[in-house]
Amino acid sequence: MIRLPAPKPEVMARRPQILAGLAALVPADALITEELRLRPYETDGLAAYRQMPLAVVLPRTTEEVAAVLRFCHQQGVRVIPRGAGTSLSGGALPLADAVVVGLMRMNHILDINFEDRYAVVEAGVTNIGITQAVAGDGFFYAPDPSSQLACMIGGNVMMNSGGAHCLKYGVTANNLLGVKFVTIEGEIFEVGGTHLDGAGYDWLGLITGSEGQLGMVTEVTVRILRGPEGARAMLAAFSSIPIAGQAVDAIIGSGIIPVALEFMDRPCIHACEAFAHAGYPLDAEAMLIIEVEGSVAEQDALLARIRDICAQFSPISMKVAESAEQSLAIWKGRKGAFGAVGRISPDYLCMDGTIPTGELPFVLGRITQMSEQYGLGVANVFHAGDGNLHPLIMFDANDPASFAKAEAFGADILKLCVEVGGCLTGEHGVGVEKRDLMTVQFTADELDLQRAIKSAFDPAWLLNPAKVFPLEGNKVLDAA
Amino acid sequence: MQTNFTPEQLQDPELKVANGILRTCVHCGFCTATCPTFVELGDELDSPRGRIYLIKDMLESGRPASELEARHIDRCLSCLSCMTTCPSGVNYMHLVDHARRHVEETYTRPLPERALRSVLAMLLPHPGRFRWAMRLAKLGKPLRGLIPGQGTTAKRLRAMLELAPEHIPAPQPVTGTHPAEGARRGRVAMLAGCAQQVLDPEINAATIRLLTRMGYEVVVPPAAGCCGALTHHMGRHDPAMATARANILAWDAEIAAGGLDGIIVNASGCGTTVKDYGFMFRNEPEAEAAARVSALAMDITEALARFDYTPSRTAPPFTVAYHSACSLQHGQKITALPKQLLAKAGFVVKEPAEGHLCCGSAGTYNMMQPEISAKLKARKLANIRRTGAAVVAAGNIGCLTQIGAGGPPTVHTVQLLDWMAGGPKPKAIEGL
Amino acid sequence: MIAPETEQGVAEAIRAAHDARQPLAIEGAGSKRGMLRPVRAAETLTTRALTGITLYKPAELVISARAGTPIAEIEAALAEKGQQIISEPPSPLGVGGATLGGIAATNLSGPRRIAWGSMRDHMLGIRAVKGDGEVFRSGGRVLKNVTGLDLCKLLSGSHGTLGVLTEITFKVLPAAEATGTLAVSVPDVAAGVRALSAGLGSPFGVSGAALLPGGLASLGLAGPVALLRIEDFAESVTYRKGRLREVLAPYGDVSLVEGAAARSLWRGVRDVTFLDAAPDEAVWRLSVAPSAAAAVCAALPGAKLMLDWGGGLIWVAGEASEAMHAAVVAATGPGSFTLFRAPDALRGAVAVMPAEPAPLAAISARVKALLDPAGILNPGRMGR
Ligand code: SF4
Ligand code: SF4
C-alpha cells in the first residue's frame, strides 16, 4: 500500500473551525463534511488506493475556488483538486488533512468561436462535451482519452491527456490556447489567450501536465478543429503479437500516419467484443485498429495502401468498417477496453508506460514472461503508433497478496519501459501510483529541480502533495 | 472493486448477488457523465459510481440506512443510463433495487413522506382507486397555489396536483379475449397496466386494434394487473412480489391453455420489470413460470417488428421527435426499432440531442423529487423543441405525461403506427 | 566568445561564469541577436560548435541533435529519409543559418504551425545546463510522455534565460508526397482573413494560410492576396485543391500556384521576406485572434504588413520610434507582441513583450532565480 504523509495534527485538531471557515465561503450545498457522504470521494479511477478527506468543496465559480484556496493557504490546509475523478494514477486521491476541491459543477461552455476556431469552457465540462457542442458545425476537440465521455477538461489539462488520435492531432498541450489559473494564494490570472504562441515563458506548457502541483485551472480555451469529411476504421488480425508489431512498423515506415493505430491482444479483444459487439476477430492473438480520414475516395486509397502492407504479414483477417455505426462500435470497444476487462477480472491495474516503437516486440515478449512469473493475467491494449502501452494487470483486490504481486509486476513493466529508452507514463500521469518510481527515470538533482519549480508556485506544498514526487528526499513534505 | 463482506454475510444469497455486482464495478467513472442527476447536481454522491460506493459501504457495514443514504438513493431515477454506459457490465438495476429494499426496511422516513409514499403505493397500482384520486386531484388543481410553504412535502403535493390531467378519459375495459381479424396468425397476452389505463386508455385500444388487425388474438386475463414496478422501485418488496406473482400465474395459465407467442407490454417501464420477473423470482416457487413469462415478454415495438408491421396509409408530412424512454433504451436496450417502425410508417423521425438523459418522469419520481424532475423536464423540452418536430412519440406513459405537460403534443408510438395501418387519428394530434 | 564542443564544456563555462558572477550572452549562430532587448554581457557563449545528430530513428519519427547543429543540416538528413521538421523553422527576415538550439529557445515556427503545431509542440526531450553549470534533462525520446513537470516547454521560447539547451529530441513526420497552393485575390485584409478562416474551417486539411496585403508581384496580383496550401498524398492534393477552390470562390478570384513557384512563395512567407522591411525599420511580430487581425492592421496605417497562421500572426515593419511602438502595442490589444528587430536605442527603451500579470511575475522571478541563481544567462534579453 502506498505511503501517505502524516496528517498535520494542528489541521486535524482545528477541523471544526476549518469547516466553519469553508462554510462561510460557499453555499451550504457546496460543502460536504459528513463521513458517510465523504466516503465516495475517498478514491478515484484507481480504486485500489483510498483515503478519506477532511472535507469536499464543490464550487461553482472561479471566485469560489480562489476563496477556498486562499482560505486553505491561510490555514495551512492541503488541497486536492478533482475533476471527474477518472484518474488512473490516483491523481485525485485525498489526504486525511486535505480539502478536496471538485470542479464538477463548473460545467458550462462559455464561448464558441468558429472563425477563430476556439472554445472557452469551464474546467468541469467533459472532454466529449466540447466536441458535442461544436460537432453540429463540423468541428471537434481533438484529444480523445478513452474516458472522454466522463473525464473533464480541467483534469485533461492537469494530466496532459492524450488519446487514440494524438498520433496526428497531438495531446492536450498541443490543443490549448489559454487557461484561467488560480494560485494557492487565491490569485486569479489568465495564461495565454485566444492567440497562438505568445511571447514570454511558456507557462501554459508548464501548467499542462502539472498534475495539480502548481495551481488550479477553472477555465480553459481550447483549439477546435474542423473535422475531416469522414473517417473509417479497419481491423487487421494477426497470429502473434510480434507480427502485429512488425505491421505497425511497416505502416509508419511507409510514410502513412493513420489518425489512429491501436493494438489489442487476445484477452482484450474478447473482453471488448463482449461489451461492444463490434465484430472483433476472436481467433486472433493480436489486432490492430487502423483509422484513416478524408473523403470516401481518399479513405479507399489509404486503406488500400494499408491493406497491401498488412497483407505482407499474413493477417488472419482484415475488415473495413462498412458503416458509421460499425466504426463507432469498433471505437466503443476500444474506448471501453479498460472497463471491459472488468468483465473478465474483478480488478486490474492499468499501466501506461511509453517505449520506442521499435522495442514493441521485445517489451511485449517480456511482459508475457513476467505474467507467467507473477502468475497474474495481463491484457494489452495500447496506442501502437506512439508506443504508449497499457498493460492491464488482472488481480483480485479481495486478496492482499494478489494486489502486492500486481503492484510489483506493474513496477517491473515500468522499469523495463525506462530501460529501453521510454518513460513511466505516456498519458495517465504519475499521480500517487508511479510516484516512487520517479527515481528510475530521473536523478535526485533532476527531481529536486522539479520540486523546486513546484515550490516556486506552492512554497508550503499544499497543492496535491504526495503525488508525482517520491516522499523520500522530499525536504518540504518531510519537514511538515 | 474490492469489497469487504464477511463470509457470514456472503451466506445470504441476496448479499452474494450484490457482492458479485459490486465486484464487477472497476470504479472507472464512465457512468457519471451520462447520469442525469450527476449532470444536474454535479456531486459524486448523485452519480451512479457514488451511489454504488454508498451502497457498498451501507451493505458491508450491515447498518440500517440513514437519511443521507436514503436521500442519494431516492434521487436515483432508475433510468439505467449508467448501465448502457458501463463497459464492465455492472448490473446497477439489481443493485439499486436491493438497496431500495434495504432502505425501505431499515430506515424510517419522516411521517409526511411515509404517508405520501403509502398513499401512492395504495393508489397507483389500482386503476379504480387511481381514477378516483385523479378526479379529486383535478378538483384540487386550481388550489395548488394555496398549499403553503417551501418544505419538501408542500412541494411534492403541489407537484402531484400539477400532474393531474385536465381531462380524465372514460374507462375502456379491456379484460377478456379479443379475437384476431381474418386468419389467426398467433395469440398474445397483453399487460393492461395500471396508471396508463386511467391516463390514456387509447394506448391499449390502439395496441389491441393493431394486433388483432394483424391477425393476432389478444388475451387480457382478468387476474393479471399492475406489473409491480411502482412498488418495486419504492423498495416495497412484498406488495411488488404479490402483484407480480398474480401476473405470472395468470399468464402462465394462458401459456398452458392456448399457448402464447408473446406477452405484449406497451408501457416500457412495466416491460423492463416483466422481463426481470425471472430474476426477481429466482428463489421463489414460481421461478420456472417466471422465467417462462420473462422470456415471452416483449415491448409492443418488438412484437410489431417480429410480426412484420406494414402500414396501409400514406403518412402526413409532419416530423416526429422520437423520445427514447429510459426503460426502453437503457432498461430493454431497444433503441433503433421504434424509429425504424415510425420511418416504415412514413414519418420523418428526428432524435433530440441528449437522448440518453431521462425526462424526469421515472415512475413516481416527478412527485417525490419535483425539483430535479423539473430541471430534467426543462432540459428535455428544450432539446425536443430544437428538433422543430410537431409531435413527440414515446413508448412509455410516464414520459408522455411528463413531456406532454408543456411540450408539443405527445402520442404513444403504437398510436401512430395503428393510425397508419388503418386506425383512427390519435386525439392528441387531431388539430395537426 | 566561448564556443564549447561538448556539453561538459558548456557546463564548465557556465559554472565559471556563475562563480565569477560574469554575465553571458547566449547564442547559437547569432542569427537572432537583434531580437528583444540587447543583452547586458561582455562575454558570449555560443553553442555553434556543439553539433551533430545523435540519434535518428525514421520509423519511430524521432531525431535528436546537439543544440548547435544547423537546421539546414538536420533538414538534409531528414530529407534523405523522406521526412521533415514539422514546424517548418523559419529564417525570419531572410537571416539564415539558425541552429536547432536557437529555433527551440525562441520557439519560432513557420506556416505549417497553424495546422501541425509549433516547434515547442514537437519537442520531446531536452538536455540543458542551468545557470549554475548543472546539467539536467526533461522529457525523453518517446512520442508520448507526461512524466514529471514539462521543462521542455518552459525552456522553449525562454531565449536562453533559464538555461542553455545542449541537446534536443523532437518528433518528425514524413514529408508530404505532393503539395498545392491556391491564391485568392481579396478586396481587403478583413475579407482575406475570412477566406483563410473558411479554408481552415473546411475539412480539406489546409497546412498554410497566409495573407499578403501588398499583393504578389510575381503572380501579377496587385491587391491583397490570401494563400492557402495543402500537403498530402498526390490523390488527396488533387481532390482537395478542387474542393477548396469551391470553398474559396465566394471570397475572390482563385488561382493555382504549382511547383517551384509555390515553394518559393511559402519560403517567402516562412522567412517573412514578403514583409520587405527596410534595414532601418523596426519589425514587430504580433500574435492575435485571427478575427482581430483586420482591426490591428487598420490601426497601423502606413506600416508594412504580412500575415500568416490564418491571420493570427502579423508581422509589422515601420518606423523605429517609440511612438510607432506604442501604436503597435495598442493595436495588439489582448494579443501578444514581440519587438523582433530594432536599433538598440529603441529596444533598450521600451517593453519588448507584454508584461506578466503581477502574481505570475512573482512566480516567474522565483523560477528564474532557481534556474539562473546568479542572473548570468542573457541578462536583460527578455526585459529584465
Ligand atoms: S439509474 Fe439513472 S439516475 Fe440512477 S444512477 Fe443510473 S444513470 Fe443515474
Ligand atoms: S461505468 Fe461501470 S465499472 Fe465504471 S464506475 Fe460506472 S458502474 Fe463502475
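Predicted model: local features only at pLDDT ≥ 70, side-chain atom pairs only at ≥ 80, totals over all residues.
Residues are numbered from 1 along each chain as its sequence is written, chains are lettered from A and ligands numbered from 1 in the order in which they are written, and side-chain values use heavy atoms, with hydrogens and water left out.

**Stop 1: chains B and C.** No contact joins them. Their closest C-alpha atoms lie 21 Å apart.

**Stop 2: domains.** Domain bounds come from an automatic or database domain assignment. Colour chain A by domain: domain 1 is 109-226, domain 2 is 231-338 and domain 3 is 345-419. The C-alpha centres of domains 1 and 3 of chain A are 30 Å apart. Now take chain C, with domain 1 at 7-174 and domain 2 at 178-271. The C-alpha centres of these two domains of chain C are separated by 31 Å. Across the boundary, 13 residues of domain 1 of chain C are in contact with 11 residues of domain 2 of chain C.

**Stop 3: ligand 1.** Select the residues near it (a heavy atom within 4 Å). Among them are C76(B), C79(B), C82(B) and Y92(B). Helices are DSSP runs (H or I, at least four residues), numbered from the N terminus. Helices α3 (48-61) and α5 (81-85) of chain B each give at least two residues to the shell around ligand 1. That shell holds 9 nonpolar, 2 polar and 1 charged. Nonpolar means Ala, Val, Leu, Ile, Met, Phe, Trp, Tyr, Cys and Pro; charged means Asp, Glu, Lys and Arg; the others, Gly among them, are polar.

**Stop 4: two helices.** Select α4 (residues 67-74) and α6 (residues 92-106) of chain B. Their axes come within 10 Å and cross at roughly 140°. Axes are lines fitted to C-alpha atoms, for helices over the stretch in contact, and angles run from 0 to 180 degrees between N-to-C directions. Show the side chains where they touch: A70(B), I73(B) and D74(B) of α4(B) meet V96(B), A99(B), R100(B) and V103(B) of α6(B). These residues divide into 5 nonpolar, no polar and 2 charged.

Note on methods
Contact = heavy atoms within 4.5 Å.
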